[in-house]
Amino acid sequence: MAGGSAASSSSSSSRAGWRGVTMKMPRGGRLFLATCLGSLAVLLLYYQSISKPDVSVGAVSRPAKSRRSPLQTLYSGDQHLELLAAQRSLQGRRELLEQACRSHTKKRRVLSPEDLKHLIVDDKHSLIYCYVPKVACTNWKRVLMVLTGEGRYTDPLAIPANEAHVTGNLRALSEFSVPEINRRLRDHLKFVFVREPFERLVSAYRNKFTRSYNTAFHKRYGTRIVRRYRARPGPPALEKGSDVSFREFVQYLVDPRTQREEPFNEHWERVHSLCHPCLIHYDIVGKYETLEPDARAVLSLAGVEDSLRFPTSGKNTRTDGDMAARFFQHIDAFYQKKLFNLYRMDFLLFNYSTPEYLRT
Ligand SMILES: *[C@@H]1O[C@H](CO)[C@@H](O)[C@H](O)[C@H]1NC(C)=O
């Protein structure tokens, strides 16, 4: 059990030197002060977990509970062989991520509660999940609703997709007080699921811009994209924004104006910005490409593998690469390169190689 925090502390040691707040400055002195104090407190958490590594996880007051927390199970080393095998690759990913963070992040900053909006908390099973749209996040939210629902739900797939995305059905880490955030970051198993960045992007484009029912996205983003990047847009396109091409979407993404105006929508925002994998030490980095075994590993660590199966819909992820290649065919080398730079951190941090179809 000591392993739990020992392992996280070894990786956190590099964080001990992290300082310097590079947050956007909110208007109003008081708010700014509050934010500073807030982030200071979150920073303190990390110092705390570094300086007294092994006090907690195992020994601390959970006498009545015979079951270990997933974090303890993960680092204790005595699990089923199958899980251990899965873990060797998970361990490798974690180390690679830490190494990549060390070599590629220069600016170090402090977390603020604002950064934790994508982290969903399950206190009953001591889990924290950072959701990334287009990486099976609806199914993960469904599973977490079953886990936290006190018997209200039993079958994840019986939960309608739109209900899984209702805020309020699940709790975000950002809703808690700073000490409560700190405790959970220290004691819970933190996991995230990632996907090949361009396959995720193509999936987001197809889902949001080529399906006729996504009128909210067409209005909000499509009309703007058509207005800006189409040479002679017709009135219906300007009004509906429902026929954005992938090339126009890419132009929108790489245009510096776009991110100056507002942050990317979460469906195309980078995992690096949604989940802060260089600031939050994820215990498990699952991949969409190996969704089934990776999800099983998480559920097994949570001790629910016998009662709950992760709903994998039998998708064939092997064709996703071909699909991405087809979409990128029509993108100039110039834009391909810009786009790759934009998503570079997600490629590097999660060990995705540069796609062969890119002309860079
Ligand atoms: C990183 O990717 C390479 C090439 O796909 C693979 O051989 C290697 O095992 C991966 N490393 C980890 C730690 O997952």
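The model is predicted. Its open sheet holds 5 strands in the order β3-β1-β2-β4-β5, with mixed pairing. Because β3 (171-172) and β5 (284-287) stand at the edges, each with a single partner strand, one side of each has no neighbour in the sheet.

**Strand pairing in the sheet**

- Strand β1 (residues 119-122) runs antiparallel to β2, and 4 bridges join the two.
- In this pair, leucine 119 lies opposite cysteine 130 of β2.
- The hairpin of β1 and β2 has 4 residues between the strands, and serine 126 in this hairpin adopts a positive phi near 55°.
- On the way to β4 (residues 189-194) the pairing is parallel, with 4 bridges between β2 and β4.
- Cysteine 130 stands opposite valine 192 in β4, while valine 192 in turn stands opposite valine 285 in β5.
- The pairing of β4 with β5 is also made over 4 bridges, in the parallel sense.
- Helix α5 (residues 137-148) packs on the sheet, where it touches β1, β2 and β4, and its direction makes about 25° with that of β1.

**Side chains of strand β2**

- In a regular strand, side chains alternate between the two faces of the sheet.
- In β2 (residues 127-130), Leu127 and Tyr129 point one way, whereas Ile128 and Cys130 point the other way.
- Leu127, Ile128, Tyr129 and Cys130 are all buried.

**Contact of helices α8 and α15**

- Helix α8 (residues 197-209) packs against helix α15 (residues 320-328) at an angle of about 70°, and their axes are 9 Å apart.
- Because of this angle, α8 counts as roughly perpendicular to α15.
- From α8, the residues Phe198, Glu199, Val202, Tyr205 and Arg206 take part; they meet Asp320, Gly321, Met323, Ala324, Phe327 and Phe328 in α15.
- The residues of this contact comprise 7 nonpolar, 1 polar and 3 charged.

**Contact of helices α9 and α11**

- The axes of helix α9 (residues 215-229) and helix α11 (residues 246-254) cross at roughly 90° and come within 10 Å.
- Tyr221, Arg224, Ile225 and Tyr229 of α9 form the contact with Glu248, Phe249, Gln251 and Tyr252 of α11.
- By class, the residues of the contact of α9 with α11 are 5 nonpolar, 1 polar and 2 charged.

Terms used. Residues are numbered from 1 along each chain as its sequence is written. This is a predicted model: local features need pLDDT of at least 70, side-chain atom pairs count only at pLDDT 80 or more; totals for chains, interfaces and linings use all residues. Side-chain values use heavy atoms; hydrogens and water are left out. Buried means under 20% relative accessible area, exposed over 50%, partly exposed in between (1.4 Å probe, protein chains only). Two strands pair if DSSP finds at least two bridges between them. Axes are lines fitted to C-alpha atoms, for helices over the stretch in contact, and angles run from 0 to 180 degrees between N-to-C directions. Angles under 35 degrees count as roughly parallel, over 145 as roughly antiparallel, 65 to 115 as roughly perpendicular and the rest as oblique. Contact means heavy atoms within 4.5 Å. Ala, Val, Leu, Ile, Met, Phe, Trp, Tyr, Cys and Pro count as nonpolar, Asp, Glu, Lys and Arg as charged, and the others, Gly among them, as polar.
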